[in-house]
Amino acid sequence: MDGMPKGLRPERADIDHAYRLDDRYGRTEGQVYLSGTQALVRLLLLQADRDRRAGLNTAGFVSGYRGSPLGGLDQALWQAQAHLDARAIRFVPGINEDLGATAVMGSQQVESSGEGTVEGVFGLWYGKGPGLDRSGDVLKHANAYGSSPHGGVLAVAGDDHGGVSSSMPHQSDLAMIAWSMPVLNPSGVREYLEFGLYGYALSRFSGAWVGFKAISESVESAATIQLPSLDQGFLPVAFEPPPGGLHQRWPDLPGLAIEERLAAKIAAVKAFARVNRIDRTVLGTGGWLRIVTTGKAHLDLMEALRLLGIGPAEAAEIGLSVHKIGLSWPLEPDFALSAARGAEEILVVEEKAPVVEGQLKDLLYHLPAGERPRAVVGKTDEFGARLLPATGELRPWIVAKALVERIGHRLPERDFSTRLADLLPDEAPAATGPSLARTPYFCSGCPHNSSTRVPEGSKALAGIGCHFMASWMDRDTVGLSQMGGEGVSWIGQAPFSKRRHIFQNLGEGTYFHSGLLAIRQAVAAKATITYKILFTTPSP
Ligand code: SF4
């Protein structure tokens with residue numbers, strides 16, 4: 001700490017000397033230091049404590065499947081076992097994501113069964129993006145069947161926007177929207193507790209499962225977080241539910257009523273969000289330029305403003321204001337309209353697909369000409385030219401560049417080119433000097449070092465897991481399928497191939513998760529394939 005620059009060095013008076021590691025779960029007020037993963041655990045404890053304070057006899061239930069960026073949630077839950085036990089929160093890891101989701105669906109049946117030992121069970125499902133994709137059937141049905149009035153469910157999607165530890169980048173909110181599942185999009189770990197409690201209240205009110213985006217950059221970071229009050233509740237909402245209500249019930253037989261109830265749930269979500277605002281204006285009011293943000297992109301925008309040296313006073317001079325959307329789908333219309341009405345231009349800053357931007361355009365289309373902004377820009381400008389990328393991840397300098405471009409169009413006298421030039425990375429990396437790039441390899445001592453070799457002339461198919469690295473090790477290992485599909489692609493290829501046989505690498509974790517079914521498919525198809533079950537977990 002002595003080596004720290006003076007401005008960054010905490011003053012002695014700021015240091016909480018009484019703080020202990022377990023305070024992250026044990027403290028009841030003040031500040032705690034939490035990683036995103038730990039914040040999800042703390043959220044469950046808070047929900048239980050709030051229910052008790054409100055005189056509600058609830059329990060909690062958690063299931064799902066680990067995988068980056070939620071690779072450590074199971075460990076964090078086990079480490080907090082005593083805290084979970086004290087609050088009747090059960091954690092049962094799924095053998096895969098969809099069966100975990102099915103178990104969470106069951107937790108919402110406790111209330112309507114008439115046989116429950118508690119008044120309701122709040123559930124939490126978790127999985128990484130591909131796990132959410134494979135769980136589409138159950139998540140879609142579970143959301144339609146609904147949560148229970150004193151339970152509620154958060155579906156936590158570990159979204160790897162940058163594709164840093166996944167077969168490809170993913171954005172789970174698009175799938176959630178397809179299932180009519182509302183989506184909360186916290187900007188960072190500091191908002192996990194607030195957004196999570198909001199999600200449970202929203203789920204209880206609307207009967208919907210509530211999606212919660214936990215992107216790598218937030219869930220894998222940590223922050224000092226102010227604990228919310230246990231007494232702080234939500235405002236009552238006037239909403240007339242359809243006959244039979246919005247929540248989980250039985251019988252709930254197939255038919256159009258389920259679809260109609262889904263539409264009513266979304267209306268209830270908007271009604272709740274209208275009264276209990278999670279969308280906020282965070283800088284200025286009005287102005288010709290309204291910047292609308294959501295999720296981590298909000299922090300990118302605020303950092304871009306800081307780096308450009310645009311504080312509140314200069315923002316007011318320029319004529320810009322910033323409006324942050326917490327519920328990224330469905331967009332709550334009252335807030336969105338109040339943020340947009342009378343603007344000349346709206347710049348939407350969000351990572352990946354234009355989820356908020358598209359909804360905003362729909363909403364504004366029917367405004368009278370005098371109230372409708374001249375342009376809503378984001379992924380492209382008003383002429384269709386690319387402005388902010390819809391792929392990869394945003395960075396503050398990317399947002400700064402787009403912002404300077406928009407300000408420059410309207411106010412050419414305001415020249416930010418010098419400030420911007422300082423932010424932009426060098427176009428070309430240095431041709432000389434040490435490179436940080438290093439091709440990953442198996443750990444020393446890992447069985448994969450030898451088990452992924454194949455006899456000369458043979459070929460192997462790769463799969464999900466560390467053993468995929470064999471693909472770049474000159475080991476005649478090719479291809480990739482989704483987790484649980486290992487070897488099945490060979491069934492479609494073999495009849496048309498000169499090759500008579502192939503090996504398939506399959507980690508024991510994947511075998512347990514879903515790979516067994518792939519083997520059954522290969523047997524059923526009489527495929528000429530040899531599965532190598534790669535066992536790396538050491539014996540206890
Ligand atoms: S399976 Fe385990 S030991 Fe092997 S490379 Fe992966 S992390 Fe390392």
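Me: A salt bridge is a side-chain nitrogen of Lys or Arg within 4 Å of a carboxyl oxygen of Asp or Glu. How many salt bridges does the structure hold?

Reply: The model is a predicted one, and 31 salt bridges are found in the structure.

Me: What makes the contact between Asp 16 and Arg 27 a salt bridge?

Reply: The N to O distance between the two side chains is 2.7 Å. The limit is 4 Å, so the pair qualifies. Asp 16 belongs to the segment before α1 (23-26) and Arg 27 to the loop between α1 and β1 (31-35), so the bridge ties together parts that are 11 residues apart in sequence.

Me: Why is Asp 16 called partly exposed?

Reply: Its relative accessible area is 37%. Partly exposed covers values between the 20% limit for buried and the 50% limit for exposed, and Asp 16 is therefore partly exposed.

Me: How do you know that Asp 49 and Arg 87 form a salt bridge?

Reply: The closest N and O atoms of Asp 49 and Arg 87 are 2.8 Å apart, and the definition asks for a distance within 4 Å. This pair links distant parts of the chain, with Asp 49 in helix α2 and Arg 87 in the loop between α4 (81-85) and β3 (89-91), 38 residues apart.

Me: Are Asp 49 and Arg 87 buried or exposed, and what decides the matter?

Reply: Buried means under 20% relative accessible area. Asp 49 has 15% and counts as buried; Arg 87 has 14% and counts as buried.

Me: What makes the contact between Glu 382 and Arg 406 a salt bridge?

Reply: The side chains of Glu 382 and Arg 406 meet at 2.9 Å, N to O. Glu 382 is in the loop between β14 (375-377) and α17, and Arg 406 is in helix α17, so the pair ties together parts that are 24 residues apart in sequence. Glu 382 counts as partly exposed at 33% relative accessibility, whereas Arg 406, at 1%, counts as buried.

Me: Which residues do salt bridges with shared partners join into one network?

Reply: The network consists of Glu 217, Lys 296, Asp 300, Glu 351, Glu 393 and Arg 395.

Me: Why are α13 and α17 called roughly perpendicular?

Reply: The axes of helix α13 (residues 296-307) and helix α17 (residues 396-410) cross at roughly 70° and come within 8 Å. Angles of 65 to 115 degrees count as roughly perpendicular, and the two helices are therefore placed in that class. The crossing of α13 past α17 is right-handed.

Me: How are the axes of helix α2 and helix α10 placed relative to each other?

Reply: The axes of helix α2 (residues 36-53) and helix α10 (residues 192-206) come within 9 Å and cross at roughly 50°. That angle makes α2 oblique to α10, because it lies between the limit of 35 degrees for roughly parallel and the 65 degrees at which roughly perpendicular begins. α2 passes α10 in a right-handed crossing.

Me: What makes Ile 95, Leu 99, Tyr 511, Phe 512, Leu 516 and Ile 533 a patch on the surface?

Reply: Patch residues need over 30% relative accessible area, and nonpolar side chains are joined within 5 Å. These six form a nonpolar patch with about 550 Å² of accessible area together. Helix α21 (residues 508-524) contributes the largest share, 3 residues. Leu 99, in helix α5 (residues 97-107), is partly exposed at 45%.

Me: Why is Glu 97 called buried?

Reply: The relative accessible area of Glu 97 is 3%, and buried means under 20%.

Me: What is the phi value of Lys 352, and what is that of Lys 526?

Reply: Phi of Lys 352 is near 70°, a positive value in a residue other than glycine. Lys 352 is in the loop between β13 (345-349) and α16 (355-364) and counts as buried at 7% relative accessibility. Lys 526 has a positive phi of about 55°; it is in the loop between α21 and β18 (529-534). Lys 526 is exposed, because its 71% is over the 50% limit.

Key
Residues numbered from 1 in each chain as written. Predicted model: local features only at pLDDT ≥ 70, side-chain atom pairs only at ≥ 80, totals over all residues. Heavy atoms only, no water. Patch = residues over 30% accessible without salt bridge, like charges linked within 9 Å, V, L, I, M, F, W, Y side chains within 5 Å. Areas by Shrake-Rupley, 256 points an atom, 1.4 Å probe, with all protein chains shown as cover. Helix = DSSP H or I, 4+ residues; strand = E, 2+ residues; numbered from the N terminus. Buried < 20%, exposed > 50% of the residue type's maximum accessible area, 1.4 Å probe, protein only. Axes fitted to C-alpha atoms, helices over the stretch in contact; angles between N-to-C directions. Parallel < 35°, antiparallel > 145°, perpendicular 65-115°, else oblique. Left-handed = near helix turned anticlockwise from the far one by under 90°.
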